[in-house]
Amino acid sequence: MEKLFDAYLQNSLELSAIALLLLAFSSLLERRYSAKCRYYLWAVIFIALLLPVRAKVTLTLPEVFQPIMPQNISTAASGTAAVADTVKVWGWHQYAGLLWVVGVFCFLGWHFYQHLHFLSAVRRWSEKIDNSVILKQFVHIKAELGIRDRITIKSCACIQTPMVIGLLRPVVLLPRINISPDELPLILRHELIHYKRKDLWYKVLMMITSAIHWFNPIVHLMVRSALNLCEISCDEEVLQGHDAKGRAQYGEAIIGVVRNRSAYHTALSTNFYSGTKGMKKRIYAMMDMSKKRFSPVLFIAIFIITICGTTAFAVSPAHAAEISQNSNKTATIAPEQNKTDSAGSYVQPSSASDAEQDNQEKQNDDGLTNDIAPVLQPTLENTSTKQSNELVSVSNEPRSVSGDLQFSENTPAKSSQAQPQNSDTNRLVPGDEQP
């Protein structure tokens, strides 16, 4: 959850700068480009805001810049990450992520409740239109626009403006007011163009983006601008090929329809009324007969700027791999060089190869001892018996005045020569055998 929140937060901040640029230059773009072009430009940014994906590009510096690049960055970063992973303490960042998730669910839950409430009111107060004139005009306009899908047309008492609802089962709703026969075809064409362009699905995209970035007011400004452009661009397509008189008639029809605002509103429906400022912009756009173009170059430029805005650039020296290996090796050896024993004296660190060599030598010594032990065992026993007899002989010699025994290197030899002359010295200690 934390990583997802970080990705969306970074995207929201970076793409907000691009959105502010578009909003600042909207008047300039309005003079040269069509409303439909500007309407779909926002879709590029909405999609980028919806996807928590950040491209990563690593730039390699020349070798001349390597001395100023610190070589222990990776070691310090890894140590910091290890400490951060070890200590899991909830701070403001975790609470902010939790608040963000709660806000997303509250935003979607509120709009979902409003939509269900609106659908229940429509089911209760709507009925199918049986007027043959309206049905013929409706079928004729569908054929002109190339729409073959099944679309239902109904009249509803709980609305005041025409609209389209239903993502999977579309329905055109007309208010129960008197609409002149000259204005009705323009209104029906307007709503059917909304369906043909899939504007309801575009509104789903905007609603989900607004829910994810509910904390960013710039995103809500983007949504409001896109909604106004949705209606203006639809008006442009309706008025293609109409002269000033036809445009004025269409403007009067819109003003007459939206004079009474709708009592019910939902985010997943088209709406004739777009606020006071929005209606002024629509009227001005209707009377503007200058030619404006749909520019693919502008789309490509906005797409490239958006990609660059969501790309994380990393700078590394030319031999980044070698520097990383050396830093890791230094970090491994450094703790061993500081080892001391319990008395505080320095302990020479041993490498893995020295340890293996010591183990091999120890195994060789153990094997040699096992091979020689059976051969040396009788000799060691005879030598021990002989030394014990010599000690007994020395103990029977006369003592000096001081009472201390006089030992010399020739003592064993003298005692052995005196054995034939003194019978006491030839006396054997019980348990000893003559060698």
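This is a predicted model: local features need pLDDT of at least 70, side-chain atom pairs count only at pLDDT 80 or more; totals for chains, interfaces and linings use all residues.
Local features need pLDDT of at least 70, side-chain atom pairs count only at pLDDT 80 or more, and totals for chains, interfaces and linings use all residues. Residues are numbered from 1 along each chain as its sequence is written, and side-chain values use heavy atoms, leaving out hydrogens and water.

Q: Why is α1 called roughly antiparallel to α12?
A: Helix α1 (residues 2–24) and helix α12 (residues 296–309) pack at an angle of about 150 degrees, with axes 9 Å apart. Angles over 145 degrees count as roughly antiparallel (under 35 is roughly parallel, 65 to 115 roughly perpendicular, the rest oblique); therefore α1 is roughly antiparallel to α12.

Q: Which residues of α1 and α12 meet?
A: E14, L15, I18 and L22 in α1 meet I302, I305, T306 and G309 in α12, where contact means heavy atoms within 4.5 Å. By class, this contact has 5 nonpolar, 2 polar and 1 charged residues. Gly counts as polar.

Q: Which residues form the contact of α1 with α9?
A: From α1, S12, S16, A19, L20 and L23 meet I218, V219, L221, M222 and S225 of α9. These residues divide into 7 nonpolar, 3 polar and no charged.

How values were computed: Axes are lines fitted to C-alpha atoms, for helices over the stretch in contact, and angles run from 0 to 180 degrees between N-to-C directions. Helices (H or I, at least four residues) and strands (E, at least two) are DSSP runs, numbered from the N terminus.
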